[in-house]
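Subject: Structure for you to look through

Dear colleague,

I am passing on a structure for you to open alongside this message. Please look at it first, and then read the notes below.

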Amino acid sequence: MTINRRELADFLRRSRHRVRPQDVGLPAGPRRRTPGLRREEVVTLAGMSTDYYIRLEQGRGPQPSPQLLAALAQALRLSADERDHLYLLAGHQPPPAARDREHVAPGLLHLLDQLPATPAQVLGDLGDVLAQNEVAAALLGGVCTVSENGRNVVWRWFTDPAVRAAYPEEEHEYQSRLHVADLRAAVARRGQDATAERLVARLTAASEEFAALWERHEVAVRRHNRVRILHALIGPVDLDCQTLFAPEGDQRLVLYTPPPGSDTADRLALLRVVGTGQFTSAG
């Protein structure tokens, strides 16, 4: 990434003008002509040299370090989105934000509630089932959303033979590679993340197949694919899996829709009538 000096200079100036002295504990003063903060006040709050900051606002000078950008973001009272924008203009990746990955995004829950006839699940980026509607539970099996093992679709695929029994045997290798490639992408996005590293370590110890596939370093974010599920009540059904990502990228809504021209819609309607009392063990 490269620094965008012109845009960075403009953003710094406008951000400085938006901050009132009283917002940062400074007196406004009766003779203040500068809107917002003075340059000298910004450098005092950020702990940097006046000359260096002036050069940044003039579109000159060396590329600021991430540490300096963090100090500027705090001095200018930038929001999380504004801070990320500052980093990108300066040619750096924004720092990872602390997120509550267990809390389902309200927008995803709303969409889930609006889809009573379409199997749908909310998954975390590592494969945890965070929520699902009733028809998804009837089709794919109920999961315990508070169990670290029971709710993770990757863990269940590689450690529970009953999960694979719900899919044609000739598709097992493809599904295995898809699970691992998608998990590889999620682990890389998280960076140095203890939860992701623990999951990979547990899977590697539990499954030789997973360990071998992980070594291949295949990467493929799961966005859409077609699956066939061998359901005990309605028989084999083909489904198109479409993935909608939350803006943060660490949660996704997975929709299982009938392929055009198939009888899957009728089978799903029958499944809704039968109810959710009996589950397959598919994940």
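D240 has its place in strand β4, strands here being DSSP runs of E with at least two residues, and helices runs of H or I with at least four, both numbered from the N terminus. Please keep in mind that this is a predicted model, in which local features need pLDDT of at least 70 and side-chain atom pairs count only at pLDDT 80 or more, while totals for chains, interfaces and linings use all residues. Residues are numbered from 1 along each chain as its sequence is written, and side-chain values use heavy atoms, with hydrogens and water left out.

Apart from neighbours within four places in sequence, D240 is in contact (heavy atoms within 4.5 Å) with N225, R226, L255, Y256, T257, P259 and P260. The C-alpha atoms of D240 and N225 are 6.0 Å from each other, although the two residues lie 15 apart along the chain.

Strand β4 (residues 235–245) pairs with strand β3 (residues 224–231) in the antiparallel sense over eight bridges, where pairing requires that DSSP finds at least two bridges between the strands. The two strands form a hairpin with three residues between them, and I229 has V237 in β4 as its bridge partner.

Elsewhere, R39, V42 and V43 in helix α2 (residues 39–46) meet T50, Y53, I54 and E57 in helix α3 (residues 50–57).

Conventions:
Axes are lines fitted to C-alpha atoms, for helices over the stretch in contact, and angles run from 0 to 180 degrees between N-to-C directions. Buried means under 20% relative accessible area, exposed over 50%, partly exposed in between (1.4 Å probe, protein chains only).
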